[in-house]
Amino acid sequence: MWLLLVSFVSPFTTRNMSGIFFGSVVLFLLVPLTTMYGLNSDQSRHSMILTVLALYTSFLASSVKAPQLIVPYPKNGYKIAMALCLANALLFLGVSIVTGALFRMNFDIGRVYEFRTEFSQSLDVGIFAYLNLWTQKIFTPFLLAVGLHRKNWMIVAFCIGMHILYFGLTQHRQHLFVPALVFFAWYVYKKQWPFTYGLILSGVFVLFSTILIMGLDLKVLGALIIRRAFFVAASVTEGWVHYFSENPYVYFSDNILSSFLATEYTNQSLPMYVGDRILPGLDLAYNAGIVATGFAQLGALGVVIYALIMGFYLRAINSLIRNGVPAFIPAAILFLPVRTAWAASDLFASLLSHGLIVGLLVVWLYGSHTQTDGKR
């Protein structure tokens with residue numbers, strides 16, 4: 001019944017970015033939350049209510065009738081986008097050689113946490129902390145998407161190789177799945193399949209994965225496929241909402257207003273702060289998405305504000321698609337950043353660090369190429 005509430009506003013189309021935008025929050029946040037509630041009736045419904053509120057708010061912001069903002073495309077924007085993405089991929093490769101990180105790569109999934117901090121300290125220094133994230137999450141997936149769209153298999157092979165390299169150097173397992181996600185977006189948008197198929201396939205996948213994991217006692221695989229992918233974000237969101245339902249809101253005193261508003265959160269890293277309160281002594285960053293962090297800042301009003309911004313962001317992407325950008329390009333490169341915003345990171349970190357703004361810029365630059373093709 002909770003899912004029926006959002007089925008009225010969650011588009012399942014592949015004509016624009018809306019299907020994958022709303023599908024990601026339904027699949028990776030709302031479905032796990034309803035599952036947790038279904039297995040434990042003592043659990044509060046507060047998180048589900050806030051998630052549904054955020055979905056409706058983003059839907060209204062993205063679909064309400066308003067004058068379209070026309071932004072002119074730069075000349076040769078497509079070439080600029082390709083050069084920018086390729087240059088940063090090669091720069092990452094060069095830095096990994098100079099620092100020696102390339103020669104210490106680890107591909108043992110069971111040992112990633114042993115090496116993650118070490119590699120981050122070598123590679124993510126200064127401005128590279130941003131450039132490296134953008135390269136891994138936006139620039140290289142964009143090159144892969146364009147390579148598929150243009151059937152340039154040399155670019156495709158290069159990008160797949162780079163994502164394997166990213167895993168070996170950063171120890172983040174998601175890099176191994178990004179090429180598959182880009183291929184999936186390319187194929188689904190090419191066939192114009194509705195995202196109802198994707199939700200059904202996800203359900204079948206989870207069902208058979210669970211049977212296999214339980215039958216063969218594959219605990220590590222279960223942690224990766226089921227717990228990490230689906231239930232960590234929901235559990236953390238539930239933890240944040242429960243904590244800030246009983247404690248004062250932050251009112252942005254942790255960062256933006258820290259110079260004007262002194263509270264117990266001032267100059268604190270909220271994920272570390274909440275992690276220490278919920279699981280003391282583990283030194284754990286309790287990273288959460290916009291529902292949890294918006295609620296922490298201003299309660300339900302904070303959730304509405306954060307969801308409005310995400311809705312306006314979706315509106316901007318869909319405007320570029322209406323102007324000729326192939327829908328699968330933004331879907332392929334922005335799926336993970338959008339999921340991160342909803343499930344794993346504060347809004348402002350998602351916009352900057354995790355590449356939502358940079359991704360919008362790249363899609364806008366690519367739009368100049370589609371405009372040129374249209375004129376021809």
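Visitor: At what angle do helix H2 and helix H3 pack?

Guide: This is a predicted model, where local features need pLDDT of at least 70, side-chain atom pairs count only at pLDDT 80 or more, and totals for chains, interfaces and linings use all residues. Residues are numbered from 1 along each chain as its sequence is written, and side-chain values use heavy atoms, without hydrogens and water. H2 covers residues 18-39 and H3 covers residues 46-63, with axes 10 Å apart. Their packing angle is about 165°.

Visitor: Is H2 roughly parallel or roughly antiparallel to H3?

Guide: Angles under 35 degrees count as roughly parallel, over 145 as roughly antiparallel. The angle here is about 165°. That makes the pair roughly antiparallel.

Visitor: How many nonpolar residues does the contact of H2 with H3 have?

Guide: Contact means heavy atoms within 4.5 Å. Phe21, Leu29 and Tyr37 are among the H2 residues that meet H3, whose partners include Met48 and Phe59. The contact has no charged residues, five polar ones and 12 nonpolar.

Visitor: Which side chains meet in a salt bridge?

Guide: A salt bridge puts a side-chain nitrogen of Lys or Arg within 4 Å of a carboxyl oxygen of Asp or Glu. The whole structure has one. At 3.2 Å, N to O, the pair is aspartate 276 and arginine 277.

Visitor: Is arginine 277 buried or exposed, or in between?

Guide: Buried means under 20% relative accessible area and exposed over 50%, with partly exposed in between (1.4 Å probe, protein chains only). Arginine 277 has 41% relative accessibility. So arginine 277 is partly exposed.

Note on methods
Axes are lines fitted to C-alpha atoms, for helices over the stretch in contact, and angles run from 0 to 180 degrees between N-to-C directions. Helices (H or I, at least four residues) and strands (E, at least two) are DSSP runs, numbered from the N terminus. Angles under 35 degrees count as roughly parallel, over 145 as roughly antiparallel, 65 to 115 as roughly perpendicular and the rest as oblique. Ala, Val, Leu, Ile, Met, Phe, Trp, Tyr, Cys and Pro count as nonpolar, Asp, Glu, Lys and Arg as charged, and the others, Gly among them, as polar.
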